[in-house]
Amino acid sequence: MTNRPLILVTNDDGITAPGIRNLVSFMNEIGDVVVVAPNSPQSGKGHAITINSTLTFEEINLEGPQRDYSLSGTPVDCVKFALDKVLDRKPDLVVSGINHGANSSINVIYSGTMSAAVEAGVEGLQAIGFSLLDFAWDADFSQSKEFIQNIVKKVLENPLPKGIVLNVNIPKLKKEEIKGIKVCRQAHAKWEESFDERVNPHGKKYYWLTGYFNNMDSGDDADERALADGYVSVVPVKFDLTAHEYLKELGEVLNG
């Protein structure tokens, strides 16, 4: 036992992805690290959990002082499993990432990276999801180290309110080109999607999901603007999806 914080690390790109290996090395400088992450890529799984098949789990030997475990499940499975089967006490912080690609704006809904952080929040834990705006497998995550460690240390020193986790996105820039950190709201944007229909050699139709990201938000306080301007965006996220501002009006409509 040490007096260093216990940090649980997970992701959705898989336990051997460069993003999580960099995040693990960053966290090793701050606390005692335990990794429970998917054994294969789980991008876009959102808050999915495994209920119709069994899970397999194993400890693996990877470089560093941390303990590494892989699970044949989703990012949310990893958090649930870590709390129930791996850790002997609740972690002081759960960090998810570093994701290969953005999880800003509406992407937070689809993101396995952020769903793992949200699941930790559901359990009453401090949690942060980190993403880099670079989908390349060999992305330079080292440029984000100073910002990630700074945010983690600040959260450990100043705990978040219950029910709130952080969605942190980092622009694809050199460290010295990043202008700083901006606390933002989620931008109003969505994916405009279609299914590209094709036919295989046997005459059977199949489909590829295609589309483009449509940012409909010009606000200076939105995460998409902050990232475009060269800032790290930090959005506080809640898992309470209730539209509180509509409760009274809806009650009047339904009971009027």
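Aspartate 220 and arginine 225 meet through their side chains in a salt bridge, 2.5 Å from N to O. The model is predicted. Aspartate 220 is exposed, because its relative accessible area of 57% lies over the 50% cut-off. Arginine 225 has 30% relative accessibility, so arginine 225 counts as partly exposed.

A search of the whole structure finds 14 salt bridges. Side chains of opposite charge can pair when their charged atoms come close. Arginine 185 and aspartate 221 form another such pair, at 2.9 Å from N to O. Arginine 185 sits in the loop between strand 8 and strand 9 (189–199), and aspartate 221 sits in the loop between strand 10 (205–215) and helix 6 (223–228); the pair therefore ties together parts 36 residues apart in sequence. Both count as partly exposed: arginine 185 at 33% relative accessibility, aspartate 221 at 42%. Asp217 joins Arg185 and Asp221 in a network of salt bridges.

Nine strands form an open sheet with mixed pairing, in the order 3-4-2-1-5-6-7-11-8. Strand 3 (57–60) and strand 8 (180–183) are the edge strands, each pairing on one side only. From one strand to the next, the twist averages 25 degrees. Strands of a sheet pair through backbone hydrogen bonds, either parallel or antiparallel. Strand 2 (residues 32–38) and strand 4 (residues 67–71) pair in the parallel sense, over five bridges. Within this pairing, valine 34 has arginine 67 in strand 4 as its bridge partner.

Helices pack on the sheet. Helix 2 (residues 75–86) lies across strand 1 (6–10), strand 2, strand 3 and strand 4, and runs at about 130 degrees to strand 2. Helix 4 (residues 112–122) also packs on the sheet, touching strand 1, strand 5 (93–100), strand 6 (127–132), strand 7 (164–170) and strand 11. The direction of helix 4 makes about 170 degrees with that of strand 6.

What links helix 2 and helix 4? Glutamate 119 forms a salt bridge with lysine 80, with the closest N and O atoms 3.0 Å apart. Glutamate 119 is in helix 4 and lysine 80 in helix 2, 39 residues apart. Glutamate 119 counts as buried, because its relative accessibility is 4%. Lysine 80, at 38%, counts as partly exposed.

One surface feature remains. Tyr246, Leu250, Val253 and Leu254 form a nonpolar patch with about 380 Å² of accessible area together. Tyrosine 246 is placed in the loop between strand 11 (231–238) and helix 7 (247–255). With 37% relative accessibility, tyrosine 246 counts as partly exposed.

Technical notes. Residues numbered from 1 in each chain as written. Predicted model: local features only at pLDDT ≥ 70, side-chain atom pairs only at ≥ 80, totals over all residues. Heavy atoms only, no water. Patch = residues over 30% accessible without salt bridge, like charges linked within 9 Å, V, L, I, M, F, W, Y side chains within 5 Å. Areas by Shrake-Rupley, 256 points an atom, 1.4 Å probe, with all protein chains shown as cover. Salt bridge = Lys/Arg side-chain N within 4 Å of Asp/Glu carboxyl O. Helix = DSSP H or I, 4+ residues; strand = E, 2+ residues; numbered from the N terminus. Buried < 20%, exposed > 50% of the residue type's maximum accessible area, 1.4 Å probe, protein only. Pairing = 2+ DSSP bridges. Axes fitted to C-alpha atoms, helices over the stretch in contact; angles between N-to-C directions. Contact = heavy atoms within 4.5 Å.
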